[in-house]
Amino acid sequence: FETKNKDQGEITLVRKAAPISRDADIGLDLDRQLNHLIWRGTSGTVALKLLHTDYAVSASPAITSLAQDIVAMRAVPPKPIDGIRTAYLNQRLEWLGAAGLSKSLIDLVKQLPNEEKWLSWKRWLVENQLMMLRDQDACPTVMDFASRTLEAYWHKAKVICNAAQDDITGAQFGADLLVASGESDPVFIGLVNKMLNDIEPGQIDPVLLEPIHIVLMDAAHYTVDSASLEALPSATLQSAIALRYVSADARLILTHKAYAHGLVNAKKAADQWRLAKVQLDSPILAITRHESLPTEQTRALVWRALDADKTSSRLPMIAAAMDIDIASGVGRMMAPLYAPLIREALSFPGAAEMLGAVDS
């Protein structure tokens, strides 16, 4: 509080920070000059509608960034909130997950109590910390849960933690114990054998993969390919970027997703795409494949093919690629990536004649 008139005893109360009391008050203390009473005048039911995950990423980077700060920050919850506190917090977490903000989400989920209703988020937490090689943060949580439950998930995570902490004997014992107890997860057992004994697991069916398997694949130095990425929800996006053993095609897709979510800018995305060691098709073939079935991978490969083409014929082919992307609803997103290629191509021999031919 701040005293205004000592003689008359007048004071003015100023809220400096939102109080921490229950689940709904969990958040980040952001230095963004945002009012902690941001939800004042908004009912809990309206807040839940505003927190729909469809709004997590917009066409405007500025609006998206502001909305992300509002959702992540610690603030006085909307009123009335009784009866929907859990739903309100869970919707905030889901919203940040849809935005791909794994780092902010980690900081929020760490604040959740170890209660049954938040167990799925606690699993998510350790998976993402392990992906980002933050074993020192993830493993105490894993060991705590493993000491209190027989649930296979936590004992699988414990095997990974033991290996990460160079306790190979403990990791092997934990894996053998899981098998002896009847654990029927061939993907996990195969990857553990790869990690501990360098025995190749053979072909892995991507349909069987879960996020914990992706963590183990990276720990076992087993390449995560583009099909395996389907096991990861958008909530792991920032964490997945830190994976070390990722195929070139998967890296293209991860970079595309990060760019689409506003987590990297166009220059960073272009640099990452150029680093990917992929086999390039001719621009015409790449565009044809992209037109028949547009995907994140074909879009990145078209850009790579056009980036590698150092002739003025790049110009009409960029226009063709942009037409496909516009029809797919991502024209505005791809424009900043193509703009430098267009500017470069204008200096190529024959560019003026090429533009004249297109205009005619």
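Analyst: Happy to. Helices here are DSSP runs of at least four residues, numbered from the N terminus. With that numbering, Pro 80 is found in the loop between α2 and α3 (85-98). Please keep in mind that this is a predicted model.

User: What makes the peptide bond from Lys 79 to Pro 80 stand out?

Analyst: That bond is cis, and its omega is near -5°.

User: Why is α15 called roughly antiparallel to α16?

Analyst: In general, two packed helices are described by the angle between their axes and the distance between the axes. Here the axes of α15 (residues 296-308) and α16 (residues 314-327) come within 10 Å and cross at roughly 170°. Angles over 145 degrees count as roughly antiparallel, so α15 is roughly antiparallel to α16.

User: Which residues of α15 and α16 meet?

Analyst: From α15 there are Arg 299, Val 302, Leu 306 and Asp 307, and they meet Arg 314, Met 317, Ile 318, Ala 321 and Asp 325 of α16. By class, this contact has five nonpolar and four charged residues, with no polar ones.

User: Why does Asp 198 count as exposed?

Analyst: Exposed means over 50% relative accessible area. Asp 198 has 56% relative accessibility, so it counts as exposed. Asp 198 sits in the loop between α9 (186-197) and α10 (211-219). Its backbone deserves a look too: phi is positive, about 55°, although Asp 198 is not a glycine.

User: And why is His 221 called partly exposed?

Analyst: Partly exposed covers the range between buried, under 20%, and exposed, over 50%. His 221 has a relative accessibility of 45%, so it counts as partly exposed. His 221 belongs to the loop between α10 and α11 (237-240). Here again a residue other than glycine has a positive phi, near 60° for His 221.

User: Let's turn to the largest pocket. What is its volume, and which residues are closest to its centre?

Analyst: The volume is about 420 Å³. Of the 18 lining residues, those closest to the centre are Ser 58, Ala 59, Pro 61, Tyr 259 and Ala 260.

User: Which elements give two or more residues to that lining, and which gives the most?

Analyst: Two or more residues come from each of α2 (61-72), α12 (248-260) and α17 (331-345). Helix α2 gives the most, with four residues.

User: How do the lining residues of the largest pocket divide by class?

Analyst: Nine are nonpolar, eight are polar and one is charged.

Terms used. Residues numbered from 1 in each chain as written. Predicted model: local features only at pLDDT ≥ 70, side-chain atom pairs only at ≥ 80, totals over all residues. Heavy atoms only, no water. 1 Å grid on protein atoms, 1.4 Å probe; cavity = no way out; pocket = protein on both sides within 12 Å on 5 of 7 lines; lining within 4 Å. Points joined across faces, edges and corners; volume = space filled by probe spheres on them. Nonpolar A, V, L, I, M, F, W, Y, C, P; charged D, E, K, R; others polar. Axes fitted to C-alpha atoms, helices over the stretch in contact; angles between N-to-C directions. Parallel < 35°, antiparallel > 145°, perpendicular 65-115°, else oblique. Contact = heavy atoms within 4.5 Å. Buried < 20%, exposed > 50% of the residue type's maximum accessible area, 1.4 Å probe, protein only.
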